[in-house]
Amino acid sequence: MTAQVPATEPSSPSPENVNADRPNVAIVQGFVGSLLMLAGSLGVGWLSLSSVELRRVSFIMWLRFEPAGAVISVFLLAVGGMLLVRSWLRLGQRIGDWGPESRPYVLKAVLAWGAPMTVALPLFSRDVFAYIAQGLVMVSGLNPYKDGYSQISNYLQLGADDLWAQSPTPYGPIFLWIEEIVVRITGGQTEFSILLFRLISVAGVAMCVYYVPKLAELHGINPNRALWLTAANPLFLTNFIASIHNDALMIGLALAGLYYAATKRAILGILLVTLSVGIKPITLIFLPFIGLMWAGKGASWPRRFLYWFLTAGLSLGLLAVLGVINGLGFGWVGALSTPGSVWIWYAPVGFLGLIVATLGNALGLPGWSFADFIHTVGRLASLAIVAWLMFVGDYSRLVRRLTLAFAAIVMLAPMIQSWYVVWLIPLFAVTGIRDDWQVKTLYLFVSFFMVYAISDQLDIWPYFEFSLSAARQIAAVTAVGFALYLIFLDPKTKVLFRKKLTEPSPGELRIR
């Protein structure tokens, strides 16, 4: 794929016109929302039993160990998260025309909204504690593809989810090394380890901020709007900074590799995507499309197969070398099924499996065996779509074809996590999200997953009368109420969900 000539930009507003819409108002409101999330995290964010010093801070003790403090924390977290959603929507409205003057406002929003999250307790996920535990597995000389972190003494003190304690790690060799390095630097001390893992996630965010506009320009898409849709997105910031998911580094490296492959630096692109695979192997899906970029426009089928072979050889060869160095080989291949061994009700395939299982059990049949069959069909269907998109489509739409293939893998899985959706947002943004049902769908996805995260992952002290169930109910009512207000009542934001949106000019948005 060659670099595309960007579409002509619309006439840019003067700085005075941009300021007249006061984007800083939305940025300040989002900053307040992020601060509220920070405050709420002190009471209901994830805190391991080993964090003795933090648990002794009197204010944190009151928030975590008194019902009133926990209720306040839940409320602050819910209001802050949904205020951040509103601020993101309003920032897009206040900027209006996505000329060059809009870039500083988007960057300012990313910094202002992300900064409080860098010092919050982990929110919406405790995967970072599993990173620490797996680092201890590496330091102990065990094989994380065979030995779960239940092999570590007093692993329950680390705060990692016991659900995965005996499961092989689904991460690649690069991230295993990162986990080991962090633990060796910190000695396994929880707060210091969390800080380093968060800095690594921020590095991934920075890569996304840098490469999303570049990829958008290659496709004639307004880079500033693409950056707002991606990096200023509250779902992106909460998953990659507040939740400290290693997916931030995975996607950052993958986008970098995709950009270099698209600008005729295929080997560098393959190297970077392979490093991404070394974080989480899901980005293997990028490689066949990068092989097509390397083969070039109008390549014959023998040439395409040759470059697919060369791409696979380079990537797998590098992974093989890494496997020899760490002594773990391709152990990550067997662990790929670990996150896919569960399902969730809001995933289409997961929901269909639930219905089939319920009906089957009601008839005295092995309902969950039927559900497993449905899950398998979903996975096979996604692979068939990937294969179709590899072989069929225009060369100029290679990144869009990759995006649709990746979306098929995510949406046809029985388990969809909010960060899986975040994988897709940058790819759709750089290839074009129209200002119609497409962007409305994104608004609804962001709102839904923020509500779900706010009401799901809460660390509630189990030994007083305020239960986890009550906390989730308060969080859900607050977040859903705020979301309904945004959709139906807020005079500024309801237009985004209910009325026909204005089509952007060709220079603002153009899909190739």
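Predicted model: local features only at pLDDT ≥ 70, side-chain atom pairs only at ≥ 80, totals over all residues.
Helix axes here are lines fitted to C-alpha atoms over the stretch in contact, with angles taken between N-to-C directions.

**Helix packing**

Helix α5, which spans residues 67-95, packs against helix α22, residues 468-489, at an angle of about 25° and with the two axes 9 Å apart. Because angles under 35 degrees count as roughly parallel, α5 is roughly parallel to α22. The crossing of α5 past α22 is right-handed. On the α5 side the contact involves residues including Val71, Phe75, Met82 and Arg86, while α22 contributes, among them, Ile474, Thr478, Phe482 and Leu486. Sorted by class, the residues in this contact are 15 nonpolar, 1 polar and 1 charged.

**Aromatic pairs**

Across the whole structure, 36 aromatic pairs are found, and two of them are set out here.

| Pair | Centre to centre | Angle between planes | Geometry |
|---|---|---|---|
| Tyr346 and Tyr452 | 5.1 Å | 80° | edge-to-face |
| Tyr420 and Trp423 | 4.6 Å | 25° | stacked |

Tyr346 sits in the loop between α16 (331-334) and α17 (348-362), whereas Tyr452 belongs to helix α21 (residues 437-456), so their pairing ties together parts that are 106 residues apart in sequence. Tyr346 has a relative accessibility of 16% and therefore counts as buried. Tyr346 and Tyr452 also belong to one aromatic cluster together with Trp345, Phe445, Phe448 and Phe449.

Tyr420 and Trp423 are both buried.

Notes. Residues numbered from 1 in each chain as written. Heavy atoms only, no water. Axes fitted to C-alpha atoms, helices over the stretch in contact; angles between N-to-C directions. Helix = DSSP H or I, 4+ residues; strand = E, 2+ residues; numbered from the N terminus. Parallel < 35°, antiparallel > 145°, perpendicular 65-115°, else oblique. Left-handed = near helix turned anticlockwise from the far one by under 90°. Contact = heavy atoms within 4.5 Å. Nonpolar A, V, L, I, M, F, W, Y, C, P; charged D, E, K, R; others polar. Phe/Tyr/Trp six-rings, centres within 6.5 Å; stacked < 30°, edge-to-face > 60°. Buried < 20%, exposed > 50% of the residue type's maximum accessible area, 1.4 Å probe, protein only.
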